[in-house]
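Please look through the sequence and the structure shown below before reading on.

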Amino acid sequence: MPDTTWLDVPDDHPFGLHTLPYGIVSTTANPERRVGVRIGDLVLDAGAAAEQAGMESGACWLTPSLNAFLALGPHAWASGRDWLVLVLTDPSYRDAIAPHLIPLADTVLHLPIEVADYVDFYASEHHARNVGRIFRPDSPGLPPSWMHLPIGYHGRAGTVVVSGTDVVRPHGQRRGSVGAPPEFGPSTRLDIEAELGFVVGGATTRGTRVDLDAAPDHLFGVVLLNDWSARDIQAFESVPLGPFLGKSFATSISAWVTPMAAFEGARVSVPGQADPLPLPYLRGEQVARGLDLHLEVRVNETVVSTPHARELHWSPEQMLAHLTVNGASLRDGDLLGSGTISGPEKGSRGSLLELSWGGTEPITLDDGTTRDFLEDGDVVTMTAWAPGPDASRIGVAEVVGRVVPAV
């Protein structure tokens, strides 16, 4: 890949030539939603640029979600990325492309995909053990199946929202005092979960499965994902069937999807799969690979955690292969959450549940206030980057949400 663009983009910009994330944008001048590609602090109106430059297949970029592009599959994804790099590095395309560059500040960002199905996994061993110790102190830290398969649950696709959307504190039932009936009201233990979201394309037929070595052909890109959680509602409802209302009220994702192709230099071996060895369908010809992504979580601008995605026990390819091994189909626009990303140190825990250890060890913000769980008005911001070529950084766009009072 060429290293320089004819645009004035700093070499150390996290959204430079090596990143090129996709999103859905509109402007005051053109309210039609269409695909944009971020380069530095500019957005390329990809469909209009392709039309101007005579690229007929760019018509899928004139649509109001990425789903049409996702449906075309990995060869189209690679060709589209190659074309974008070409026109942004070859000065001969400048006259055709420059009129379709828009300042990022002049755009409105929308949900990048029409979410088909949403599955949230539980892929961090440190998180799983911490939650086990907090919720089930007298039981083993991990469920019996955890080391053998990527555990997950089905979330609610209709409540996935784009970064910047306010989150209303949810109502629900929570455990009352001993011997008393449950209480009902707004959640008093509203939490965050710092996750990666993997965007899926290339629909499959129900009754078939995607082998591990074919899984990369269905993984389009990465977003940051905040799976907001009402821990009091979750704790009361989860036994025996798992999360439901405690998580289904809102899941926030980045407005920009960074392609998996941008992370080729940031793939790392996942930890701890030698004992026990996964079953053959979760082992491929190559060692399972995670992502060397470094996250930062802020509450009201105070950095409260710095999780690292390389700590995840299961790779995105293993998650996808496991999801389909029973014949479940994939749909264009499926979203796979990694589950909360937590590390071995307190400062790398990806939820307030863990950071405050169930509310018993509140954390202190820079303004001197303390938090065990979120208060109304709190703003949560998550950012991430991965190492790229030539000491560059590959960015994953921020995900931001503000808590507003219960209705």
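Where is the place of Asp 390? Asp 390 is found in the loop between strand E25 (379-387) and strand E26 (393-404), where helices (H or I, at least four residues) and strands (E, at least two) are DSSP runs numbered from the N terminus. Asp 390 is exposed, with a relative accessible area of 63%; here buried means under 20% relative accessible area, exposed means over 50%, and partly exposed lies in between, with a 1.4 Å probe and protein chains only. Although Asp 390 is not a glycine, its phi is positive, at about 55 degrees.

Before going further, note that this is a predicted model, in which local features need pLDDT of at least 70 and side-chain atom pairs count only at pLDDT 80 or more, while totals for chains, interfaces and linings use all residues. Residues are numbered from 1 along each chain as its sequence is written, and side-chain values use heavy atoms, with hydrogens and water left out.

A positive phi in a residue other than glycine also occurs at Asn 300, where the value is near 50 degrees. Asn 300 sits in the loop between strand E20 (294-299) and strand E21 (302-305), and with a relative accessible area of 30% it is partly exposed. The backbone also contains cis peptide bonds: one runs from Val 239 to Pro 240, with omega near 10 degrees, and Pro 240 belongs to the loop between helix H6 (231-237) and strand E16 (251-253). Another joins Asp 275 and Pro 276, with omega about 0 degrees, and Pro 276 lies in the loop between E18 and E19.

Turning to the chain as a whole, the protein has eight helices and 26 strands. Its radius of gyration, taken over C-alpha atoms, is 21 Å, which agrees with the value near 22 Å that a compact globule of 407 residues would have; the globule rule is 2.2 Å times the number of residues to the power 0.38. Along the principal axes, the C-alpha trace spans about 75 × 50 × 40 Å. Of the 407 residues, 55% count as buried. Contact means heavy atoms within 4.5 Å, and among the contacts with a separation of 6 or more, 73% are between residues 24 or more positions apart.

Rings of Phe, Tyr and Trp (its six-membered ring) pair if their centres lie within 6.5 Å, and planes under 30 degrees apart count as stacked, over 60 as edge-to-face and the rest as tilted. Trp 61 and Trp 83 form a tilted pair, 6.0 Å from centre to centre and with 45 degrees between the planes. Trp 61 lies in the loop between helix H1 (46-52) and helix H2 (67-71) and Trp 83 in helix H3 (residues 74-89), so this pair ties together parts that are 22 residues apart in sequence. Trp 61 is buried at a relative accessible area of 1%, and Trp 83 counts as buried at 12%. Phe 69 and Phe 220 make an edge-to-face pair, 5.8 Å centre to centre with 80 degrees between the planes, and this pair links distant parts of the chain, since Phe 69 is in helix H2 and Phe 220 in strand E14 (residues 219-226), 151 residues apart. Both Phe 69 and Phe 220 are buried. Tyr 22, Trp 61, Phe 69, Trp 77, Trp 83 and Phe 220 form one aromatic cluster.

Another covered region is helix H7 (residues 316-324), where nine of its nine residues are buried. The cover over the buried residues of H7 includes strand E6 (118-121), E13, E14, strand E18 (267-269), strand E19 (289-291) and strand E22 (335-337). One of the buried residues of H7 is Leu 320, whose C-alpha atom is separated by 8.8 Å from that of Asp 211, 109 residues apart along the chain. Asp 211 itself is in the loop between strand E13 (194-200) and E14, and is partly exposed, with a relative accessible area of 45%.

Not counting residues up to four places away in sequence, Thr 159 touches Ser 248, Phe 249, Ala 250 and Thr 251.
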